Number of protein chains: 2
Amino acid sequence: MSTTWTWPDAPAAAPQEDELRRMHAWWRAANYLSVGQIYLMDNPLLREPLRPEHVKPRLLGHWGTTPGLTFLYAHANRAIRQRGLKAMYITGPGHGGPGLVAATYLEGTYSEIYPAVSRDLEGLRRLCTQFSFPGGIPSHVAPETPGSIHEGGELGYSLSHAYGAMLDRPDEIALTVVGDGEAETGPLATAWHSNKFTNPQTDGVVLPILHLNGYKIANPTLLARIPEPELAELMRGYGHTPLFFTGGFDDEDPLEIHRRFAAVLDEALDSIAAIKRQAAEDARAGRESERPAWPMIVLRTPKGWTGPEEIDGKRTEGSWRSHQVPLASARDTPEHLADLDAWLRSYRPEELFDEHGALREEIAGTAPEGRLRMSANPATNGGELLQALRLPDFRDYGIDVPSPGAVQAEPTRVLGTWLRDVIARNPETFRIFGPDETASNRLQAVYEETDKQWAAQLEPHDREEHLGRRGRVMEVLSEHQCQGWLEGYLLTGRHGLFSSYEAFIHIVDSMVNQHAKWLKVTNEIGWRRPIASLNYLLSSHVWRQDHNGFSHQDPGFIDHMVNKKAEIVRVYLPPDTNTLLSTMDHCLRSRQYVNVVVAGKQPGPSWLGIDEAITHCTRGLGIWEWAGTETPGSDPDLVLACAGDIPTVETLAAAKILREELPDLAVRVVNVVDLMRLQEDAEHPHGLSLRDFDGIFGTDVPVVFAYHGYPWLIHRLAYRHDRGGRIHVRGYTEEGTTTTPFDMLMRNDADRFHLVMDVIDRVPQLGSRAAGLRQRMADARIRARAHAYTHGEDLPEISGWTWDENADAAAGGADETGGDNV
Amino acid sequence: MSTTWTWPDAPAAAPQEDELRRMHAWWRAANYLSVGQIYLMDNPLLREPLRPEHVKPRLLGHWGTTPGLTFLYAHANRAIRQRGLKAMYITGPGHGGPGLVAATYLEGTYSEIYPAVSRDLEGLRRLCTQFSFPGGIPSHVAPETPGSIHEGGELGYSLSHAYGAMLDRPDEIALTVVGDGEAETGPLATAWHSNKFTNPQTDGVVLPILHLNGYKIANPTLLARIPEPELAELMRGYGHTPLFFTGGFDDEDPLEIHRRFAAVLDEALDSIAAIKRQAAEDARAGRESERPAWPMIVLRTPKGWTGPEEIDGKRTEGSWRSHQVPLASARDTPEHLADLDAWLRSYRPEELFDEHGALREEIAGTAPEGRLRMSANPATNGGELLQALRLPDFRDYGIDVPSPGAVQAEPTRVLGTWLRDVIARNPETFRIFGPDETASNRLQAVYEETDKQWAAQLEPHDREEHLGRRGRVMEVLSEHQCQGWLEGYLLTGRHGLFSSYEAFIHIVDSMVNQHAKWLKVTNEIGWRRPIASLNYLLSSHVWRQDHNGFSHQDPGFIDHMVNKKAEIVRVYLPPDTNTLLSTMDHCLRSRQYVNVVVAGKQPGPSWLGIDEAITHCTRGLGIWEWAGTETPGSDPDLVLACAGDIPTVETLAAAKILREELPDLAVRVVNVVDLMRLQEDAEHPHGLSLRDFDGIFGTDVPVVFAYHGYPWLIHRLAYRHDRGGRIHVRGYTEEGTTTTPFDMLMRNDADRFHLVMDVIDRVPQLGSRAAGLRQRMADARIRARAHAYTHGEDLPEISGWTWDENADAAAGGADETGGDNV
């Protein structure tokens, strides 16, 4: 072991009075511009008397959290300059957007990216007007804000984003403000434990600053209202060494406040430097480092600090009333206008900006320069750093499929061998995240190459279980943490995969909403470079939750995702092992998407050889001629379509029954891998034209579609192409429990026998032979159920079944199955 | 103040050896039956040699957590008997189903509810066979399990369910097992803070037992791998007094283990009794009680305790390998069969059951009797206790609407006055839950009657903010906590309302999935009585997130909910104040549903008087004749339909433009309150027949439908009735940011001008006048946007607009709007 990094280890000199004075000026400037952004649409430096028409007609934004954010920013800047830290700033209370926009403007980054918002009077006017203004910028720390990887609109993810961003970035630090509102959320409450998953030798540092400004929208915050010793125990219990700071509640000299906080921040950073020194020493000595009690800071300041103390006789500074816009009638009442004027002038703008409207040089000099500015940290525009993965040729991992269905395999288990080698070739830029389900989802081959990273206590036998101090697999029983870490990792220019049970990925519905929004907006921002896609591998899916039953049966995440913008979302349902390999290779190469891949882990038939799989996946859907009975060149009587591994098995079983029992019926079998192909081409870039759709699904013939999830989604996707309502869909209709796999299919009328009945019902020209077959199918269902209920096992099996060898497993079973057992 | 309850205050006598011996026998019996359920389908008391055919062919279930659950259950029983506690048992690790089924069977409750599972040999055979067996019972602590209010399949909600269940139940206790896997989740991590919201005088007690068995599916658990002092600090930081117990890791005499744990449990219960004594004393003295440091227990035992120590040479007891079924090949290999036989016999079943297969009386006597059995606590079948709310007549709260649109009102603000009186009349059975948004959603009239309940520190000015030691409003910035508390409250027979921002209700997508599943299953269980519906009031919705922008704009929760079973889900979009009142009255009377109500909080036009509102809501949708231009008795040329408050405003504005500009066009206006009415009657109980649908929407005429959310949902719901594709839907297409309300509509092509353009595009017979109007509409959009971008405000306004008075606000605006401002 050795380290390729050095941690800046400058001595911590306490700031002198002159520096404190300039820092204070910088903070005043940031606060001034924050207030200016919320209120002003003209007269940005108050060089003329403030008049109503200078005030925006609609006052929108959040003042309360902002001065605390700018205070920290000013101090972070000093520390960066003094120590040469590579830092990013993660703003948990993202609605403090004006503060961050102000800070990045004062640093110059904003004007570099948006030249129209120049560092002069005209630029200041634009800066103020554009904020929360139609055609302008959002009120949050949005993708438009330089240096941001965290919008902070939905609260709770700052810490997991920060920890994800710092993985494999050992010489960097994320100064992470945790709002005390956000701190009440579940995801944030567990994210403190992220420090049990970080390695001081190989990962960067997260310095959490819990900002207790005491109030949310209309209530005090919990952590501000427990005794400080209790809060200290909580933080130590989370594995941190807390440092406490309180300021702003009395008439203390501002310079003294700055001096005291600089000392606290230095103490934290000195202790981090000591931890890093130890880590480097450990590395040189060839030993792993033990988990340190990382510092964190509790920063207690008034909400709306430096704002109006009272408005209309009601306490405002230090109260929830400063949460949004304290002087809501500034444009309409002379009193509020005068208050606003006084408030703005309290920052003494004339001392801060020169005659052209530029920040005075001695004040600007308190910020770092170039890439050390937190707003210019390249990792916060991760696409800039992104390198394509070195991917092993997935074709080498494909399984031989001499004929369709001749071979059984566990798709995710085979995928694991490829992922193992993806990890081997990309030892610092690819990680797998999961809630204790990587092995359960049968990706365990990855452990031939790597471990699960774990900084908590190790016991000797843990080595056998692939638990180590460093590793490319991150497992914690919190989907929120997995998602947050992965997002942070991707947003800073790396690659990853989230492997989860299908049902419980709903836990992060709202998080992926926000990530999809981020991607959507960044697509519209030129300077934001594309990042790697967020890849979900969902296994242990609805049809195979044998151990757990109903609570674990839910395929609705796909439905949730298709509401996102078409340019963001891709959904894949590879039916077997080789198609899964091809699909995942595609996903790991892609950019700016959310890819949802649903795949089985149980042994199941393999249908396509690797080359056929590539062709099929490239098309996204296709006709499986070998499975049907149609005459080439003419439309079939009927199409059996399927999407998903289990529905594919059932569809092929139904096709086989039909081939044997009704050989004159021209059946076409269509398999869909890429669900978005079902949409109209105008709706989705992967969509089909009507001509192509009809080319696949026939013109005006009935389609019996066996789908993995809720049937309605197929109707929704194919809506434009299915005006006649000819598509009949079977899928999961929310009928579940602990039972056998085939019984699960029967409960939802999605089994092979029912599919054959559906076909017969839709092709009226079939004669009495079909009527007899229909009756036999109904009988076969009764027998299959009776067998399961008596013997506790499936008849027929859905995974042991093969297309080639068990020639009579399906149709034969319909006649003979368990007749003596009922 | 006084208390209406007494807390049982029996002295805690340490158990004598004989009692310990009988408790140990009861525990062995529970473990024996747990193993029996997982493995056996016959020979339940091993009265003949164990043969392969006695073992189930598919072994499904979870052993690892089970012995810890039964251990606690046995000890809880002793404490209940000795103290006369009214207790319920909440099983965080719900997959420990066999343990709870075994315990309730041993108590007799199971056989009372399911007589076929009798307390004899035949009953034992059924008990074993049915578990995780097709046609039998699920593997989890499902609704089928007596005494359960918590399925525990999706981890993380045990504590919030427990705290919700104990609200307003001051003489009861919820013994709540928190699994150490579950403890890693976000929702659980924040749920520990529930103790800052509970009142010792008016609420019951939650005793959390953190069960550290050390392993999840394939990994150690976090909290088992931090030093015990750190864990103690964490628990104290959460506001608890932790008591630690470790047992089962060595050869300690089982009776000694029981004696030691009984002492720990007694210490916890004595300390609870002392807290309750103090609370009663405080109540007598007329003062509120301060938050105590409630006890909690850390119970460290081996995973798979008492199971096989090793299997195939691999450590099993005390390892993740005991998580599910340790002897997976018991039916197939003689070695595993022999191991299973030895394991079962290690519990010495012959000492536990009499010759008929009944639990021996002296052992059975260690459990409490009647309603004191945790499995027979009536609150765990909440519908049994449910009383209808005393609802004030909502008509008295309606606003006068002399003519449609003549009056502006804030719907949720008016609703607040009714809710205030609902609270007044139901002081112990109704609560409002929300993530700091009750006032933001403008329900603040409730504070005239009640406070927000808060057990953390109070400051003098908090009184003005309606923060108190007792109150009917529960606010914490965690949607997970709100949902969990409310579910616990409802499941134990009370009523409630969850008020939230629309976008962030997605945070509980997965939780409401589980609740909907619970309702669906209980509908099929005769002895489970119907409970009050789970009511969501979603405001601050997608169209009015002026302060926050894109991250706060998401109407997809409705889409999420419609995948649930039709008998469970109701979605309402009341367009104004009086319809909101009528809708909420209906929701608070309903049972076994999840009701989703989306309503505005901003001032907006009122369309219907209270009597018309009742009629309209009763129908669920209807024709607004006054808004259209059709000739009675004949089909219109076109239908303008709408659902949602803002789309209704835009639709009526469009109707007004059409009336004035194209008076010959016969337009019908349809408003939809109950979204489920759009479905086919075969799909949903509220659905319409095709005849009724056509009666409302005309036959074969175009429909331009302005919808609140993602447009696809309307297509999906109306799919069966819209074979011709005549419905054209406008809604939210994921285009959002911080901007004006009207610009939001324009970005999504859902504004009045665009609706008029849509109409013109769909009625080809319109002549040149329409072409001119279409051009004017397009121009109006450009002008409206230019005005917003220049002035920062809306033109036209969507909320200030009224139907009657501003006769030219819309069409006039199209001509004259801001022409000089562009």
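**Close-up views of a predicted two-chain model**

**View 1. The loop that holds B:Asn43 in chain B.** B:Asn43 lies in the loop that runs between helix H1 (17-39) and helix H2 (66-83) of chain B, where helices (H or I, at least four residues) and strands (E, at least two) are DSSP runs numbered from the N terminus. Phi of B:Asn43 is near 60°, which is a positive value in a residue other than glycine. This is a predicted model, in which local features need pLDDT of at least 70, side-chain atom pairs count only at pLDDT 80 or more, and totals for chains, interfaces and linings use all residues. Residues are numbered from 1 along each chain as its sequence is written, while chains are lettered from A and ligands numbered from 1 in the order in which they are written.

**View 2. A parallel strand pair in chain A.** Strand S4 (residues 241-246) and strand S5 (residues 295-300) of chain A pair in the parallel sense over six bridges, pairing being assigned if DSSP finds at least two bridges between two strands. Within this pair, A:Phe244 stands opposite A:Val298 in S5(A). From S4(A) the chain crosses through helix H9 (residues 254-284) of chain A to S5(A), and this β-α-β crossover is right-handed, meaning that, with the strands pointing away from the viewer, the path from the first strand over the helix to the second runs clockwise.

**View 3. The meeting of chain B with chain A.** In this interface, 103 residues of chain B are in contact with 104 residues of chain A, contact being counted if the C-beta atoms of two residues, placed from the backbone, lie within 7 Å. Elements giving two or more residues to the side of chain B that touches chain A include helix H7 (186-191), helix H15 (509-522) and helix H24 (768-791) of chain B. 100% of the interface residues of chain B are also interface residues in chain A, so the copies meet through the same surface.

View 4. Chain B can be laid on chain A with an RMSD of 0.0 Å by a turn of 180° and a shift of 0.0 Å along the axis, the copies being superposed by least squares on the C-alpha atoms of residues with pLDDT of at least 70 in both. In chain B, the C-alpha nearest the axis belongs to B:Gly186, 1.9 Å from it.
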